[in-house]
Amino acid sequence: MIRHLKFVGIPTKDQDRALAFWTEKMGFKVATDQPMGNQRWIELTIPGAQTGVVLFTPPGQEDRVGTFFNGSFHCDDLEYTFAKLSERGVVFVSGIEKQPWGSYARFQDPGGNTFVLSSR
């Protein structure tokens with residue numbers, strides 16, 4: 001039976017640029033990088049997590065690049081992570097926002113995709 005979500009896809013037009021962002025700035029690790037059609041299948045792991053990400057845009061889904069990612073990356077200490085990622089050049093499109101259910105900030109990758117980073 002299903003045990004966990006293996007990966008989620010992040011659409012990109014420039015796989016080299018996306019790969020540099022997710023590894024150098026976000027700290028993810030390359031699990032697989034191999035040719036697949038006109039693109040490469042780039043699967044990344046997140047240190048300490050079971051779920052990874054794939055930098056791949058399925059044919060016909062190019063319009064998904066530069067949109068809002070329907071999910072959230074979690075960290076233990078949002079203020080610390082926000083500061084460290086900002087120092088590395090990650091562009092945050094919002095400051096830290098506190099809500100009754102937790103705190104979050106939104107950031108963008110080089111392709112214009114917007115992501116949520118959250119903690120309790």
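This is a predicted model: local features need pLDDT of at least 70, side-chain atom pairs count only at pLDDT 80 or more; totals for chains, interfaces and linings use all residues.
Q: Noted. How many helices and strands?
A: There are 2 helices and 9 strands.

Q: In what order do the elements run?
A: From the N terminus, β-α-β-β-β-β-α-β-β-β-β.

Q: What about the radius of gyration, and what would a compact globule have?
A: The protein has 14 Å. A compact globule of 120 residues would be near 14 Å, so the value agrees.

Q: And the box the C-alpha atoms fill?
A: Roughly 45 × 35 × 25 Å along the principal axes.

Q: What share of the residues is buried?
A: Buried residues are 38% of the 120. The protein exposes about 7400 Å², and carbon and sulfur atoms supply 51% of that.

Q: Let's go to β9. How many of its residues are buried?
A: 6 of 6, across residues 114-119.

Q: Which way do they point?
A: T114, V116 and S118 point one way from β9. F115, L117 and S119 point the other way. All are buried.

Q: Which sense does β9 pair in with β5, parallel or antiparallel?
A: Parallel, over 4 bridges, with β5 at residues 68-74. H74 stands opposite S118 there.

Q: And with β8, how many bridges?
A: β8, residues 102-108, joins β9 through 6 bridges, and those two run antiparallel. F107 has F115 as its bridge partner.

Q: What's in that hairpin's turn?
A: 5 residues lie between the strands β8 and β9, and G112 takes a positive phi near 90°.

Q: Back up the chain. How many residues sit between β2 and β3 in their hairpin?
A: 2 residues. G37 in that turn has a positive phi of about 65°. Strands β2 (29-36) and β3 (39-45) run antiparallel, joined by 7 bridges. Q34 stands opposite W41 in β3.

Q: Switching to T23. Where is it?
A: T23 is in helix α1, residues 15-25.

Q: Why does T23 count as partly exposed?
A: Because its relative accessible area is 21%, and buried means under 20% while exposed means over 50%.

Q: What does it touch, leaving aside neighbours within four places in sequence?
A: T23 is in contact with F28, V30 and L44. The C-alpha atoms of T23 and I46 are separated by 9.5 Å, with the two residues 23 apart along the chain.

Technical notes. Residues are numbered from 1 along each chain as its sequence is written. Side-chain values use heavy atoms; hydrogens and water are left out. Two strands pair if DSSP finds at least two bridges between them. The radius of gyration is taken over C-alpha atoms; the globule rule is 2.2 Å times the number of residues to the power 0.38. Buried means under 20% relative accessible area, exposed over 50%, partly exposed in between (1.4 Å probe, protein chains only). Accessible areas come from the Shrake-Rupley method with a 1.4 Å probe; for residues, only the protein chains shown count as cover. Contact means heavy atoms within 4.5 Å.
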